[in-house]
Amino acid sequence: MRSNGSTPLALIQVLSRAAVDPTYLDLLLTDPVRATEAYSLTASQRLSVERLTRESFYEALGGVVSHWFAPVRVTPRILALPEWDDTPTAGSEIGLRLRRGWPFGNGTHPTTQLCLRALETFLRPGDSVVDLGTGTGILAIAAARMGASRVLALDTEIDAVADARYNIELNAVQAVVTVEHGSLERALATPGEAPILWDIVVVNLAMPTILDLLRERLSSTLRGGGTLVLAGFRHHEADFLRQALGHTPLVPFAEDRIGSWMSLVCRKGADLAERGRETNQC
Ligand SMILES: C[S@@+](CC[C@H](N)C(=O)[O-])C[C@H]1O[C@@H](n2cnc3c(N)ncnc32)[C@H](O)[C@@H]1O
């Protein structure tokens, strides 16, 4: 329903008023030009509801409500909760509280879910983890809640760093997770410190960035036998990625799919010792 020039905030402003004011909704549906004048809609608000129908209004309202206010089941075990929801989760369930508003990293995207599934399968308590491209911090928080001993969450966007830090405090995992502005260079070495070799590195990034990182020695972040989780690419790109991995010490040994999205899990070096439920051997 949104088009160029509109913003999520403009859409929410219009939908939330229309949800409680039938006259406003009727005028938007029947005479958008008069509604624009009568209610002094901004250009962005007007654009956000272009071609509005009663059906698309209820559909969009449902989407906004679930995005902002409803828990999202991310995997059978993981639930992404709005930040104010501190309902205790049952048994082995993991509830991740996240500030809503940033669609990527709220847990609903298939590539995030693929990474979470891989962490559920391959992370062992005590593992050290790098989350390269942390966004909201969802993977870093999940890794900490699954028992990682140390997590380094990195992002090149300063807003993402702030968002991730907020969510990490919200989930009280700051003793385990450090969020920093940066990328591969930071995972390879901290100035003045000996390089750390990590147990797991998780990368949910677009294919060109993954290829750049592989060329820039992404594999050097891992200890021998360490695990790399790659997501952010489509099924038809997998062969190309496998070819690129052929020039590195990383050996793909498991894969997963949601729709056309795919993840590849790689082990560094020849040490393919059994660590997880490696059901989807490739
Ligand atoms: C696709 S989102 C993934 C967010 C989250 N990890 C998830 O799985 O939902 C990618 C994030 O990586 C960041 N990013 C992009 N390129 C990067 C790079 N080269 N190094 C580190 N972060 C990067 C972006 O700013 C964005 O926050």
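Predicted model: local features only at pLDDT ≥ 70, side-chain atom pairs only at ≥ 80, totals over all residues.

Trainee: How many residues has H6, and what span is expected of it?

Mentor: Helices (H or I, at least four residues) and strands (E, at least two) are DSSP runs, numbered from the N terminus. The expected span of a helix is 1.5 Å times one less than its number of residues. H6 has 13 residues and reaches 18 Å from its first C-alpha to its last, close to the 18 Å expected.

Trainee: Why is H6 described as largely enclosed by the rest of the structure?

Mentor: A residue is buried if 20 or more other C-beta atoms lie within 10 Å of its own, exposed if 12 or fewer, and partly exposed in between, with C-beta atoms placed from the backbone. H6 is largely enclosed because 10 of its 13 residues are buried. Among them are Thr111, Gln113, Arg117 and Phe122. The cover over these buried residues includes S2, H7 and strand S7 (198-204).

Trainee: Which residues of the largest nonpolar core touch the most other members?

Mentor: In soluble globular proteins, nonpolar side chains tend to be buried together. A nonpolar core is a set of buried Ala, Val, Leu, Ile, Met, Phe, Trp, Tyr and Cys residues joined through C-beta atoms within 7 Å. Here the largest core has 57 residues, and Leu119, Ala140, Ala143, Val201, Val202 and Val229 touch the most other members. H7 gives the largest share of this core, 7 residues. A second, separate core of 11 residues includes Ala10 and Val14.

Trainee: Is leucine 230 buried or exposed?

Mentor: Leucine 230, in strand S8 (residues 222-234), is buried, with 30 other C-beta atoms within 10 Å. Leucine 230 and cysteine 266 are 36 residues apart in sequence, yet 8.0 Å apart in space, C-alpha to C-alpha.

Trainee: Which residues are closest to the ligand?

Mentor: A residue is near a molecule if its C-beta atom, placed from the backbone, lies within 6 Å of it. The ligand is surrounded by 21 residues, and the closest are Thr112, Gly133, Gly135, Ser183 and Asn204. Helix H6 (110-122), helix H7 (138-145) and strand S5 (150-155) each give two or more residues to this shell.

Key
Residues numbered from 1 in each chain as written. Contact = placed C-beta atoms within 7 Å.
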